[in-house]
Amino acid sequence: MTRFQTISIIGAGAWGTALAAVAARAGRGVTLYARDPDHAARIAAARENPRLPGIPLADSISITADLAQAARAAAVLIVVPAQHLRGAVMHLAPLLPDGTPVVACAKGIEHGTHKFMTEVIAEAAPHATAAILSGPSFADDVARGLPTAVTLAAQDEALAADLVQALGSPTFRPYHSTDVRGVEIGGAAKNVLAIAAGIVAGRKLGASALAALTTRGFAELVRLGRAFGARGETLTGLSGLGDLILSCAGPQSRNFAAGLALGRGEPLPAGKLAEGQYTAPVLVELAASRGVEMPVAQAVAAILAGTVTIDAAIEALMLRPFKAEE
Ligand SMILES: NC(=O)C1=CN([C@@H]2O[C@H](COP(=O)(O)OP(=O)(O)OC[C@H]3O[C@@H](n4cnc5c(N)ncnc54)[C@H](OP(=O)(O)O)[C@@H]3O)[C@@H](O)[C@H]2O)C=CC1
Ligand SMILES: O=C(CO)COP(=O)(O)O
């Protein structure tokens with residue numbers, strides 16, 4: 001039994017649609033909010049979202065373009081891209097009853113402010129209770145009911161545990177945590193590192209290079225996490241190492257696919273959200289502000305900015321001063 005019998009999802013994209021399926025499978029009453037009424041009408045008519053084709057929507061999922069209706073749910077999953085989060089929460093805030101859990105499901109860091117997702121929620125809706133959901137979870141896999149595990153973190157452990165009860169099912173296994181920052185750092189950093197992995201694959205540098213890149217990228221993720229007080233079990237857990245393994249493994253990750261195109265000298269895949277492109281410069285600034293070295297993330301940011309070629313970046317990484325492994 002859960003105290004969150006109704007769940008709304010703000011953001012009818014690929015991940016929002018997948019999480020609507022998750023909540024429906026868990027037995028919840030589900031409202032999926034699309035900001036564009038035409039988009040909402042198309043989904044309602046077809047009982048399928050073109051953003052996640054081939055996934056029929058469960059009957060228990062109602063589609064709406066009425067934000068007030070979505071705001072009445074017992075808990076809200078906000079599933080918009082990281083750089084859109086503040087705007088989305090600002091629209092939601094006046095409609096939201098005090099104390100409503102608002103679970104950020106985006107992976108990123110806000111440009112300009114360097115704020116993490118739950119910080120953005122806390123600023124845009126101070127009367128809400130912020131939480132974060134993150135982990136190795138491709139929307140298509142999750143929506144198809146393939147076994148998936150993620151981490152759901154909130155400062156209040158009982159809240160995190162109750163939200164896990166509300167969403168868990170035989171195919172979706174959330175673990176609860178109170179390490180909010182650690183979960184947020186894993187999700188944000190893995191997207192940038194996945195671009196690097198894609199570049200290595202696009203340059204056909206081989207499986208050994210990909211393993212080295214993923215491992216040294218994980219070392220950077222850990223350094224940054226520790227600088228923000230993240231717990232070891234979080235960084236080596238689903239939202240850290242787990243999501244890094246998934247996103248550095250192949251082009252089902254849009255961030256990996258972006259890196260693959262970069263490595264091949266091709267245009268970036270059109271219409272595909274690669275959060276790492278937006279996170280890279282912010283991650284580098286954030287790391288620098290804490291005196292944390294993230295050479296792989298720096299290389300990705302420089303390549304994306306066009307200030308260094310891929311070959312020069314790879315050589316520079318290989319010829320950094322030799323040091324003890326950490
Ligand atoms: N796709 C995946 O496999 C996974 C994605 N994620 C994360 O989830 C987040 C979203 O990704 P994803 O769903 O794939 O992206 P999509 O581009 O598929 O969907 C984003 C959705 O957000 C909506 N949106 C944007 N701004 C607002 C707003 N202000 N109010 C309401 N809705 C808004 C868009 O609406 P519109 O259509 O009108 O533009 C769109 O439907 C990202 O941070 C991603 O890292 C996490 C795990 C898995
Ligand atoms: O976050 C995700 C998997 O956990 C989705 O990865 P991409 O955003 O790289 O597609």
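Which residues does the UniProt annotation "binding site" cover? The unreviewed entry lists Lys107, Gly135, Ser137, Lys190, Asp243, Ser253, Arg254 and Asn255. The lining of the largest pocket includes Lys107, Gly135, Ser137, Lys190, Asp243, Ser253, Arg254 and Asn255. Keep in mind that this is a predicted model.

Start with the sheet. Eight strands form an open sheet. Their order is E3-E2-E1-E4-E5-E6-E7-E8, and the pairing is mixed. Strand E3, residues 61-64, and strand E8 stand at the edges. Each has a single partner strand, so one side of each is left without a neighbour in the sheet. From one strand to the next, the twist averages 25°.

Now look at one pair within the sheet. Strand E4 (residues 75-78) and strand E5 (residues 101-104) run parallel. Three bridges join them. Ile78 stands opposite Ala104 in E5.

Helices come next. Helix H1, residues 14-25, lies across strands E1 (6-10), E2 (29-33), E3, E4, E6 (129-134) and E8. Helix H1 runs at about 170° to E2. Helix H8 lies across E6 and strand E7 (148-154). Its angle to E6 is about 45°.

Helix H8 spans residues 180-202 and leads back to the annotated residues, for Lys190 is found in this helix. Is Lys190 buried or exposed? Its relative accessibility is 7% and the cut-off for buried is under 20%, so Lys190 counts as buried. Beyond its neighbours within four places in sequence, Lys190 is in contact with Lys107, Leu221, Asp243, Leu244 and Ser247.

Asn191 provides a link to another annotated residue. Asn255 is in contact with Asn191, and also with Ala194, Ile195, Ala274, Glu275, Gly276 and Gln277, leaving aside neighbours within four places in sequence. Asn255 is found in helix H12, residues 254-264. Asn255 is buried, with a relative accessible area of 4%.

Arg173 is found in strand E8, residues 172-177. Arg173 is exposed, with a relative accessible area of 51%. Not counting residues up to four places away in sequence, Arg173 touches Thr148, Ala149 and Val150. The side chain of Arg173 makes a polar contact with the side chain of Tyr175, at 2.9 Å. The C-alpha atoms of Arg173 and Ala316 are separated by 41 Å. Along the chain, these two residues are 143 residues apart.

Conventions
Residues are numbered from 1 along each chain as its sequence is written. Chains are lettered from A and ligands numbered from 1 in the order in which they are written. This is a predicted model: local features need pLDDT of at least 70, side-chain atom pairs count only at pLDDT 80 or more; totals for chains, interfaces and linings use all residues. Side-chain values use heavy atoms; hydrogens and water are left out. Helices (H or I, at least four residues) and strands (E, at least two) are DSSP runs, numbered from the N terminus. Buried means under 20% relative accessible area, exposed over 50%, partly exposed in between (1.4 Å probe, protein chains only). Contact means heavy atoms within 4.5 Å. A polar contact is a pair of N or O atoms within 3.5 Å; within protein, one must be able to donate a hydrogen and the other to accept it, and residues adjacent in sequence count only if both atoms are side-chain atoms. UniProt positions are given in the numbering used here, feature names are shortened, and annotations may be inferred rather than shown by experiment. On a 1 Å grid over the protein atoms alone, a cavity is a set of points where a 1.4 Å probe fits but cannot get out, and a pocket is an open set with protein on both sides within 12 Å along at least five of seven lines; lining residues have an atom within 4 Å of a point. Two strands pair if DSSP finds at least two bridges between them. Axes are lines fitted to C-alpha atoms, for helices over the stretch in contact, and angles run from 0 to 180 degrees between N-to-C directions.
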